[in-house]
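Subject: Structure handover

Hello,

Please find the structure below, followed by notes on what was found in it. Have a look at the coordinates before reading on.

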Amino acid sequence: QVQLVESGGGTVQAGWSLRLSCSASGSTYSWQWMAWFRQAEGKEREGVAAIYTCGGGTRYADSVKGRVTISQDNAKKTLVLQMNSLKPEDTAMYFCAARLYGTKWNGNPLAKENFDYWGQGTQVTVSS
């Protein structure tokens with residue numbers, strides 16, 4: 001049974017930092033990519049950052065480049081999103097996701113349709 005549990009969200013002021021964590025349970029052997037997505041109220045879920053689990057390559061959304069870092073431990077059991085210089089527009093529910101090898105793939109590791117497992121989310125609110 002695969003489970004992803006996010007933590008670390010909260011309410012902060014603009015310019016502050018937050019560190020989100022995603023704890024994975026179950027077999028992670030066949031996971032290819034892990035990623036963070038976010039969904040603001042009334043908007044579509046969008047990819048924030050992704051990491052290739054077997055090589056460590058990363059991808060970032062243009063809106064967060066230079067402010068956000070994604071990382072994982074070697075056993076793929078913990079995924080971290082370090083967010084700095086937060087802006088009010090970063091306010092959203094943040095979700096952890098994992099993609100399996102061999103499932104449908106359109107080539108974009110920040111596309112939600114490419115991911116197979118999802119956490120329940122952690123809320124990030126940035127006040128101005």
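The structure holds 1 disulfide, a disulfide being a pair of cysteine sulfur atoms within 2.5 Å. This is a predicted model, in which local features need pLDDT of at least 70, side-chain atom pairs count only at pLDDT 80 or more, and totals for chains, interfaces and linings use all residues. Residues are numbered from 1 along each chain as its sequence is written, and side-chain values use heavy atoms, with hydrogens and water left out.

The bonded pair is C22 and C96, with sulfur atoms 2.1 Å apart. It links distant parts of the chain, since C22 lies in strand 3 and C96 in strand 9, 74 residues apart. Strands (E, at least two residues) are DSSP runs, numbered from the N terminus. The link is left-handed, with -75 degrees about the S-S bond. Both C22 and C96 are buried, where buried means under 20% relative accessible area, exposed over 50% and partly exposed in between (1.4 Å probe, protein chains only). The sulfur of C54 is too far for a bond, because the closest cysteine sulfur, in C96, is 16 Å away.

Four strands form an open sheet in the order 1-3-8-7, with antiparallel pairing; two strands pair if DSSP finds at least two bridges between them. Strand 1 (3-7) and strand 7 stand at the edges with a single partner strand each, so one side of each has no neighbour in the sheet. On average, neighbouring strands of this sheet are turned by 15 degrees against each other, direction ignored (axes are lines fitted to C-alpha atoms; angles run from 0 to 180 degrees between N-to-C directions). Strand 3 and strand 8 pair over 6 antiparallel bridges, and L18 has M83 in strand 8 as its bridge partner.

**Core**

The largest nonpolar core has 34 residues, and M83 is among those with the most contacts inside it, as are W36 and Y94. Such a core is a set of buried Ala, Val, Leu, Ile, Met, Phe, Trp, Tyr and Cys residues joined through side-chain atoms within 4.5 Å. Beyond four places in sequence, M83 touches residues including W16, L20, Y94 and V124; contact means heavy atoms within 4.5 Å.

**K77**

K77 sits in the loop between strand 7 and strand 8. It counts as partly exposed because its relative accessibility is 30%. Its C-alpha atom is separated by 8.1 Å from that of C22, 55 residues apart along the chain. Leaving aside neighbours within four places, K77 is in contact with C22, S23, A24, S25, G26 and T28.

Regards
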